[in-house]
Structures are given as C-alpha cells and as structure tokens.
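The sequence and the structure come first, and the description follows.

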Amino acid sequence: MADFKTKICCIGAGYVGGPTMATIALKCPDVKVHVVDINPKQIARWNSDNLPIYEPGLDDVVKQVRNKNLFFSTKIDEAIRECEIIFVSVNTPTKTYGVGAGRAADLKNWELAARNIAKVANGPKVIVEKSTLPVRTAHSMRKVLMANDRKIHFEVLSNPEFLAEGTAMEDLDMPDRVLIGGMTTKLGQEAVQKLVDVYAHWVPRDRIITTNLWSSELSKLVANAFLAQRISSINAISELCEATGADVQEVGHAIGKDKRIGKRFLNASVGFGGSCFQKDILNLVYLCESFGLQEISEYWNQVVKINDHQKHRFARKMIESMFNTISGKKIALFGFAFKKDTGDTRETASVYVAKHLLAERAKVSIYDPKVEEEQIEFDFNYYKALTPGREFKECVKVETDPYEAAKGAHAVAIMTEWDEFKKYDFQKMYDSMAKPAFIFDGRLILDHAKLQDIGFTVYAIGKPYGVKYQNMDDLNA
C-alpha cells in the first residue's frame, strides 16, 4: 500500500470537483484524493469510460490516475474520517423560494455538508470552500462546524475556482492564479500553508495568492461580474450597430487594440450562459441590497437585464424576419450547450430562445454534438420553456444529424459556437430547407457572404444587414 503525504477528499463530483481533484491527483502523486458524492449514477460514470461531463483533456487525466491516487465513491463518511483536507464543491443555485428568491444563493447543500462533516469527523480538519459562495459564508459555516459536541477544531478556507468550461483542464494545469483565503490567526495561517503546499507541486509560488477569507470570497463574485459585464457591454453595442450600420466585430476589434481594454470577452453573441455568471451577479446584487447599497445593486443588476434583453431580441428578430408568423414552421437550433467544448447546458441561451419560439407555436428541432436528449428535455422542463399544456416531444425534436435537423426547416439559428458548424455543406442544407431559407447567426462564426450567395437570408448579431446606409456611398443614393 502506497504511503501518501496528504489525504484530500472532495464532496461533490460535478463540473468543478471532478476536474480539480483529477488535476491535483495527477500533479501530486504523494497525495491521495477521494471524490465522493451522494449520487451513485454520477460516481458510476466517473468510474467508467463514459465520464459524466465533457471537458477536453479530462478523460486522459482521469485514466492516468484513477484507482492509483484518485478514487471515486459514495462513501462520504469514510472519506471525511480518512482525510485531513476536505473540499466542499456542492451545488449552490440561486434561491427559488423565500427571502432573496431569484437573487440569493441557496446554501442548503453547503450547510448539510458542513453538518455532516461536524457529525462524522474524527479529528481536526481543514474545510475548503470550492463552491461559489456569498461573502462571510465561511463565518457561518465555521459556526456550524465548531458547534460539534466533541470539541473538534475546524479551519475554513476559501479557494474559489476560476475555470472556464471548455478550457478547464488547461486552466487547472497553468492557472493565472490560485486564490486561498483564511483566518489571520496562527491556526488559520497554518491551514492556508497546508493548501499552498498542495498547489505548489505545480503552480509557481508567485501565482498562489493568499488573502483573508472575505477578500477571497468576494474576489470570485467580482471576477465573474466583471467578465459578464464586458459581454453585456459589447452586446449592448451590438444592438446599436444594427441600428446605425456599424459592424460590432469591427468595433470590438478596434477597441480591443487599446491595451487598457484588451481583446478578451468582446465577442458579441446571443447572450452568456453557464452556471456562474448570472448566479454570481445576482448573488452580488442581493449582497449589495443586504448592505443597503441600492445604487450599486442596480448597477450590477443591469448586466443581467441586458443579457436577458439580448436573448429576447434575438428571438424577436427571428419572428419579425419570418413575416411575423412562425406558427407551424420548423426552426432548427444548432447548439444547446451554453458554449462550445462543453456539455454544460445550465442557463443556456438556447432554452430561452426556444421558449419564445414555442410560445409562437413554432416546431423546434435541436442538434448539439455533445448534449444528450435526456438533458435537453430536463432543461425544457426545469426552465419552464414548454408552452403550458404541451409535452416536450410534441413540439421539440432532438436530432443526431445536423442535416436532418435542418431538413424542411424555415430557419437555422446558431446558438453555440461549435467549430464543426463552420464546416457544414450549407448548399446541401439550403437545398433541403423551405424557401425563403433563413440563417440567424447568434455567435458570429459563419461566412455570411457565402451564405447570401447560396441564397440564404442572413441575420447576425451586431451586423448591418438590412440597414439603409451600410457604407458612405449609400448616403449619395
């Protein structure tokens, strides 16, 4: 039996816990890593050749270390007792009930995990917040943990993730920074150093930032808020571009050359999705409200409002372009994941656009190379996208072939920026569609001039198609 210098467990085998622990196991052969979850199906897939999440590079890493120093199981209590560092990476969705509904984070899962740790722990433990949590959650959780009747000591650290789905394994391999927040007491700093020592196996020390707990917790929310703000900013400008004849890609390129601004997150689209951006901004909004910072709350809430507006106006543009009636018309949505190179569908723009289309009695077909029909049906029900009184299979058809999805359709809408969408035979697709055939590019990835030559009517976010004055020569007409 191998001797391990450190033993770590992670409660929660999801998008954050699985890849993070797999990387730690790969980079730290002297560390034993347990990933535990209450869902036996999830654990069974982590132990199979069909992992529960898609992330480029993840499969290879898991295969290298699984059952060597990385173990997946449902034995939560055993793992808690065996390990000295316990990561908690459980779901903290936006509340749908009670005080703060629609904005505050629902911490039920986190508190249940903390209570169970306090109940079964057999000695001092370092508890690491990996889930995105409101500021000062660590203080509340520490109270729960320290209320145990055996006087066991716990230190709580904040170690937020800064992963981008689709590049998560690269982000873990070469992180911009690792942030660790802890108490400023002697025991608190000793706990911080324990976690620093784990990451120092592969992360340069100058990229490991240590702060107090509150700074670490707030930094995660603020990072996502700033990124989402940039997306909503360029999306707001995309609507102005469509009205004036400017091109949002040209505008984005021009301002991105300014070193103070930079080029990242300046790609206009149908709107951001994913598990973090909207949830974290709404969390920030609620936090500001809780401290009486109304103006600050309203400022950040506007980022979410613009995102919702962008999805709504994209659907509205589709309906208006097709002669203000789509009842009975087949519309193909290409992409259901919220972004390329992931199977994650949380807060995907596709489900919201589909909701508007179904409300107008369209028939929707969906193709995505990585998202399974079961997940798509779940999302339509979870996000209440189905028209009342209608079942999923009555109005939505999930296809495994993009050409079949487009066959007989009046329109194709690009909802996810999958690279394969650029390589399709659009002439073949056009020939099989109802005429006039429309393409709505919500991700700005297609060759619009080529599509127009084929015969498509094209609408693209932030492009001046259909604007009276597209260039200066038109002013003399």
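## The cavity and its lining

Helix 9 provides the largest share of the lining of the largest cavity, 3 residues. This is a predicted model in which local features need pLDDT of at least 70 and side-chain atom pairs count only at pLDDT 80 or more, while totals for chains, interfaces and linings use all residues. Residues are numbered from 1 along each chain as its sequence is written, and side-chain values use heavy atoms, with hydrogens and water left out.

Helices (H or I, at least four residues) and strands (E, at least two) are DSSP runs, numbered from the N terminus. A cavity is a set of points, on a 1 Å grid over the protein atoms alone, where a 1.4 Å probe fits but cannot get out; a pocket is an open set with protein on both sides within 12 Å along at least five of seven lines; lining residues have an atom within 4 Å of a point. Grid points are joined across faces, edges and corners, and a volume is the space filled by probe spheres set on the points.

The structure holds 1 cavity of 30 Å³ or more. The residues that line the largest cavity are E129, S131, T132, L133, S158, P160, S216, E217 and K220.

The second largest pocket is lined by E84, P124, K125, V126, H153, F154, E155, L187, E190, A191 and K194. Strand 5 (125-129), strand 6 (154-158) and helix 8 (186-199) each supply at least two residues of this lining, and helix 8 gives the most, with 4 residues.

The table sets out both spaces by volume and residue class. Ala, Val, Leu, Ile, Met, Phe, Trp, Tyr, Cys and Pro count as nonpolar, Asp, Glu, Lys and Arg as charged, and the others, Gly among them, as polar.

| Space | Volume | Lining by class |
|---|---|---|
| Largest cavity | about 60 Å³ | 2 nonpolar, 4 polar, 3 charged residues |
| Second largest pocket | about 170 Å³ | 5 nonpolar, 1 polar, 5 charged residues |

## Helix 6 against helix 9

Helix 9 (residues 213-244) also packs with helix 6 (residues 137-146): their axes come within 9 Å and cross at roughly 125 degrees. Axes are lines fitted to C-alpha atoms, for helices over the stretch in contact, and angles run from 0 to 180 degrees between N-to-C directions. The two helices, helix 6 and helix 9, are therefore oblique to each other. Angles under 35 degrees count as roughly parallel, over 145 as roughly antiparallel, 65 to 115 as roughly perpendicular and the rest as oblique. In contact (heavy atoms within 4.5 Å), T137, A138 and H139 of helix 6 meet L213, W214 and E217 of helix 9.

## Two backbone details

The peptide bond from K435 to P436 is cis, with omega near -5 degrees. P436 lies in the loop between helix 17 (426-432) and strand 13 (438-441).
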